[in-house]
Amino acid sequence: LSVFMSASLFGTDEPKILRANETAQAILDYLAYDFRMIGSGMPLGQSSFSMGDVLLTPAVLPILTTATNEYAQIRVAENGEATVLTDSFTPSSSSLTFSVISTSNFAEGDTVYLSDIPEGGSSGLQGTITSLTNNTITINLAFVATAGVQFPAGTEVHRVPLISYQSPIIGGGITRDSGSGPVLLAPNSSFTLTYLDSNGATLVPPLTQPVIADSLAAVRISVTVPINDSRRKAEYVATAEQTVALRNLILSR
């Protein structure tokens, strides 16, 4: 009878345990991809649009200084939407519209970055799209750009949203928000972020701008998904962990 009861409980709980493990790994894969791509689409490493330039803050930061162990705002070109200028563009209060090859992957309200590195430049710009007309894009007056820059034809234009990951302290589950409202990844799930420098030493948040620009090299992501209705005496908690190198930050230094 003891063996039968043990086998019965195992058979009941095992599918739940497998699902929890799969869920934890799936969430980890999702977070790891986004964190690995931090800064994609941004003009990182360009001397006139440096992560350490306080005058251009926070537009130059791929991960914001609000990051904690349970929350992070990151900039990622999540779907790779990009185009290029067809004419030169000098941003100013009277010049906010530029021509591109195509606007098909862009929309009003999108955050875009311009990078002239393909044309041998070292400058960048961040702006928000206010309108689209045929193959022209108009950005808001509150754009942030390298002083006195003129972007030549061939300059890259990338859509780079600000993505927020949050892990509620009490229940709720991990959420991801790329500008259209938070999306729940799994009920009761949670994550912990540990920020690391190139030597593997822990960087304690809040992360300052110099730390992000000069020291941040990797993030260790730990995801947990508990089984709340298990009939075992001890609650089962699925865990998945991975350390992700922030390659765009590393390569830009």
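Two strands pair if DSSP finds at least two bridges between them. Helices (H or I, at least four residues) and strands (E, at least two) are DSSP runs, numbered from the N terminus. Keep both in mind for the sheets.

Next, the ground rules. This is a predicted model, where local features need pLDDT of at least 70, side-chain atom pairs count only at pLDDT 80 or more, and totals for chains, interfaces and linings use all residues. Residues are numbered from 1 along each chain as its sequence is written, and side-chain values use heavy atoms, with hydrogens and water left out.

Let's start with the strands. Look at β12, residues 190-196, and β14, residues 218-226. They run antiparallel, joined by seven bridges. Which residue in β14 is the bridge partner of Thr194? That partner is Arg220. Now turn to β15, residues 237-245. β14 pairs with β15 over nine bridges, again in the antiparallel sense. There, Arg220 stands opposite Thr243.

Now a second sheet. Four strands form an open sheet in the order β1-β9-β10-β11, and the pairing is antiparallel. Which strands stand at the edges? They are β1 and β11, the latter covering 183-186. Each has a single partner strand, so one side of each is left without a neighbour in the sheet. From one strand to the next, the twist averages 20°. For that angle, axes are lines fitted to C-alpha atoms, for helices over the stretch in contact, and angles run from 0 to 180 degrees between N-to-C directions. Inside this sheet, β9 spans residues 162-166 and is joined to β10 by three bridges. Ser164 stands opposite Asp177 of β10.

On to charges. Side chains of opposite charge can pair when their charged atoms come close. Here, a salt bridge is a side-chain nitrogen of Lys or Arg within 4 Å of a carboxyl oxygen of Asp or Glu. How many salt bridges does that rule give? The count is five.

Take Arg176 with Asp34. Their closest N and O atoms are 2.9 Å apart. Arg176 sits in β10, residues 174-177, and Asp34 in helix α1, residues 2-36, so this pair ties together parts that are 142 residues apart in sequence. Are these two buried or exposed? Buried means under 20% relative accessible area, exposed over 50%, and partly exposed in between, with a 1.4 Å probe and protein chains only. Arg176 is buried at 10%. Asp34 is buried too, at 2%.

Next comes Arg159. Its side chain meets Glu81 in a salt bridge, 3.6 Å from N to O. Glu81 lies in the loop between β1 (71-75) and β2 (82-84), and Arg159 in β8 (residues 156-159), so the pair ties together parts that are 78 residues apart in sequence. Relative accessibility is 13% for Glu81, which counts as buried. For Arg159 the figure is 14%, also buried.

Arg159 also meets Asp110 in a salt bridge, at 3.3 Å, N to O. Asp110 is in the loop between β3 (97-99) and β4 (111-115), so this link with β8 ties together parts that are 49 residues apart in sequence. Asp110 is buried, as is Arg159.

Which residues make up the salt-bridge network? Asp34, Glu78, Glu81, Asp110, Arg159 and Arg176 are linked in it.

Back to the loop between β3 and β4, where Thr103 lies. Thr103 is buried, with a relative accessible area of 11%. Contact means heavy atoms within 4.5 Å. Setting aside neighbours within four places in sequence, Thr103 is in contact with Leu132, Asn134, Asn135, Thr136 and Ile137.

Now Ala145, in β7, residues 144-145. Ala145 is buried at 16%. Not counting residues up to four places away in sequence, Ala145 touches Phe49, Leu56, Pro91, Gly124 and Leu125. What separates Ala145 from Leu203? They are 58 residues apart in sequence and 29 Å apart in space, C-alpha to C-alpha.

Last stop: Ser92, in the loop between β2 and β3. At 25% relative accessibility, Ser92 is partly exposed. Ser92 and Gly173 are 81 residues apart along the chain, and 44 Å separates their C-alpha atoms.
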